[in-house]
Structure formats: C-alpha cells, structure tokens
Amino acid sequence: MGLRHADFTQLFDHLSGRGRRPVANHIESCPACTENLEKARLILEAGRRAMKAPKPSKRAVGRAMRLFRGFHRPPRPGFLRLVLDSFLQPAPAVRSTAADPPRFLRFDGQITVELQLTAGSRGVDMHGQLTPSDCAREVEVRAADRVLRRARVGSEGHFEMTNLPRREVEIRIGEARIGGLHLA
Ligand SMILES: [Zn+2]
C-alpha cells in the first residue's frame, strides 16, 4: 500500500471525483479505507438527501434557528466553527415529508468534525468523523457542565453514540469544542 490511510476529506474528494490518483490507488487496495469509503458515502448521501429534502418542517427550521443563535455568539478560543448544516440549506418546497431527514454538520477549526444526527424514537443517534483521524482518543458530550456520554474514537477517526437526550450540548474533542449544539 505504501501510503498512509486516507482521511475523510480525501474520501469525500474521492467520492466526488476530485481525488488524487495515488490516494485512489491506496483506497482501492486497502480494506480499511474501502470500509471507510462506504461510511463516507453514507454520510455524504445523507447530507445530499437532507439538502434536497422538500420544504423543511417547522421543527427543522426551529432547530436551525436555535443552532444559529448559538453559532452567532462571539467565538471563544478552542471552539470549532460551523461551516455546513444541511438543515440551513433547504431546497425549494415540493411537498412536505413525514419523517425528518438525517442532519449533516461540518465544523472546522484546529480539527475538522463531521456529524450525522439521526432522530430516533429514544433519542438522537450521532455518527462522527474526526480529521485528522488521530487527533483524539475520546469524544465527550456534556450538558450543564456534566458529562452525558463518552465514546472511544476508532483508529480511523470514527465514533458513534446512540440515544442521546434531546437538549443543548457541548462536545469536547481533546482541546477542541463544539458549543450550543441543539440535539432534537
Ligand atoms: Zn488504507
């Protein structure tokens, strides 16, 4: 293989046809990267579906507004910046949907964090990807200064948590923070 594993940015580039040839060669010959490519594809497709979704529900818009209020607070050191929220890029209304689409978020700063949030009957499921993949061993979700949940980060930078409570949380990834994220 002779090349380090592809990070998620490279996997997304590969999926969009903008990837570099040596990276593509590595991905095609590496089972770990092929597996991550599938995860990247699921995250990307969910993001695209959410962006193409018909008129977002009132709940989705309310969520987006709450998130934006948090986002517009003055930046604090160590906090990552929201650069993409699939719920904030609604497509023209065609018809209303019964189910909310998964929400795809991307935060940038000293590291990049991609999150996919799926609302379930018992809470919110979170799939995340860190770039660089080795920037932290653990991810912590906190609310009101208490730890709600911790998850181990896999060797490829992926982590997941299920049935998170529907409330505003802060996420800590090593020294980096995501603040004011409303899980709903
Ligand atoms: Zn690899």
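Let me start with E138, which counts as exposed because it has 12 C-beta neighbours inside 10 Å, and 12 or fewer is the cut-off for that class. Please keep in mind throughout that we are looking at a predicted model. E138 lies in strand β5, and, leaving aside residues up to four places away in sequence, E138 touches R150, A151, R152 and V153.

What does β5 pair with? Strand β5 is joined by six bridges to β6, residues 146–152, and the two strands run antiparallel. Within that pairing, E140 stands opposite R150 in β6. The two strands form a hairpin with two residues between them, and A144, in the turn, has a positive phi of about 50 degrees.

Is L148 buried, exposed or partly exposed? It is partly exposed, because 16 other C-beta atoms lie within 10 Å, and that count falls between the cut-offs of 12 or fewer for exposed and 20 or more for buried. If we again set aside residues up to four places away in sequence, L148 touches V141, R142, A143, P165 and V169. From L148 to I171 the distance is 10.0 Å, C-alpha to C-alpha, with the two residues 23 apart in sequence.

The largest nonpolar core has 32 residues, and the members that touch the most others are V113, I171 and I173. At least two residues of this core come from each of α1 (8–15), α3 (31–52), β2 (103–108), β3 (112–120), β4 (123–131), β5 (138–143), β8 (168–173) and β9 (176–182). Among these contributors, α3 gives the most, with four residues. Both domain 1 (8–52) and domain 2 (58–182) are represented in this core, each with at least three residues. As for I171 itself, its contacts, not counting residues up to four places away in sequence, are V139, V141, R177, I178 and L181.

Turning to the helix at 8–15, α1, we find that F8, Q10, L11, F12 and H14 are buried there. After α1 comes G17, whose phi is positive, near 80 degrees.

There is also an open sheet of five strands, in the order β1-β2-β3-β4-β7, with antiparallel pairing. Which strands are at its edges? They are β1 (81–85) and β7 (158–164), each of which pairs on one side only. From one strand to the next, the twist averages 20 degrees. At the β1 end, β1 and β2 pair in the antiparallel sense over four bridges, and L84 has R106, in β2, as its bridge partner.

Finally, let me step back to the whole chain, which contains four helices and nine strands, and in which, reading along the sequence, the pattern is α-α-α-α-β-β-β-β-β-β-β-β-β. Of its 184 residues, 33% are buried. If we take the contacts with a separation of 6 or more, 59% of them are between residues 24 or more positions apart.

Technical notes
Residues numbered from 1 in each chain as written. Predicted model: local features only at pLDDT ≥ 70, side-chain atom pairs only at ≥ 80, totals over all residues. Core = buried A, V, L, I, M, F, W, Y, C linked by C-beta atoms within 7 Å. Domains from an automatic or database assignment. Contact = placed C-beta atoms within 7 Å. Pairing = 2+ DSSP bridges. Axes fitted to C-alpha atoms, helices over the stretch in contact; angles between N-to-C directions.
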